[in-house]
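Student: I'm new to this one. Could you show me how to read a few of its features?

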Amino acid sequence: MSQSVPPQPGVFPPAPPMPARARGGSLALGVVTAVVVALVTAGVYGAIVGAIEKQIGFVAVGVGFLIGYAAGRAGGSHPVLPLLSALLSVGSVWLGQLIGTTINASDLLGVSATRFFFDHFGILMEAWQRSANPITFLFLALGAFAAYSGTKKAAAA
């Protein structure tokens, strides 16, 4: 036989479990979040590349993962988000490489980085193409992979 225990003062019953997060999310919010994070991380990656004058693979992976994770948290498990995050990651790492090259070139030429980026974009693209090697493309691919998997992980959390 079970006897009911009278409530004790100062003791509260356990809280009910929290409902699971909706897996749907908002595609629009996921896209906007991914674009904003891609632009911010491109600037940060570019500043790092410009400061140390070389690319770092784990930073490119971090850029991709942050984009994907943010998109997955905001947009849920929408099937478009992992692919979009991977594409945005490639663009973000590429833009970061361009920003880093711009910083280095503007220091050498004694002009502002903004002016060099917008007024001499053709020269900047030629410099990037000449300096691009298999490692450059490996970093782009690693960032895309990290973005894809980051989106999946965030949506499943």
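Student: Is F65 buried or exposed, or in between?

Tutor: Buried means under 20% relative accessible area, exposed over 50%, and partly exposed in between (1.4 Å probe, protein chains only). F65 is partly exposed because its relative accessible area is 32%. Keep in mind that this is a predicted model, where local features need pLDDT of at least 70, side-chain atom pairs count only at pLDDT 80 or more, and totals for chains, interfaces and linings use all residues. Residues are numbered from 1 along each chain as its sequence is written, and side-chain values use heavy atoms, leaving out hydrogens and water.

Student: Where does F65 sit, and what does F65 touch?

Tutor: Helices are DSSP runs (H or I, at least four residues), numbered from the N terminus. F65 belongs to helix α2 (residues 57-75). Contact means heavy atoms within 4.5 Å. Leaving aside residues up to four places away in sequence, F65 touches A146, A147, G150 and K153.

Student: What about S149, buried or exposed?

Tutor: S149, in helix α6 (residues 134-156), is buried, because its relative accessible area is 19%.

Student: How about V40, buried or exposed?

Tutor: V40 has a relative accessible area of 51%, so V40 is exposed. You'll find V40 in helix α1 (residues 27-52).

Technical notes
Helix = DSSP H or I, 4+ residues; strand = E, 2+ residues; numbered from the N terminus.
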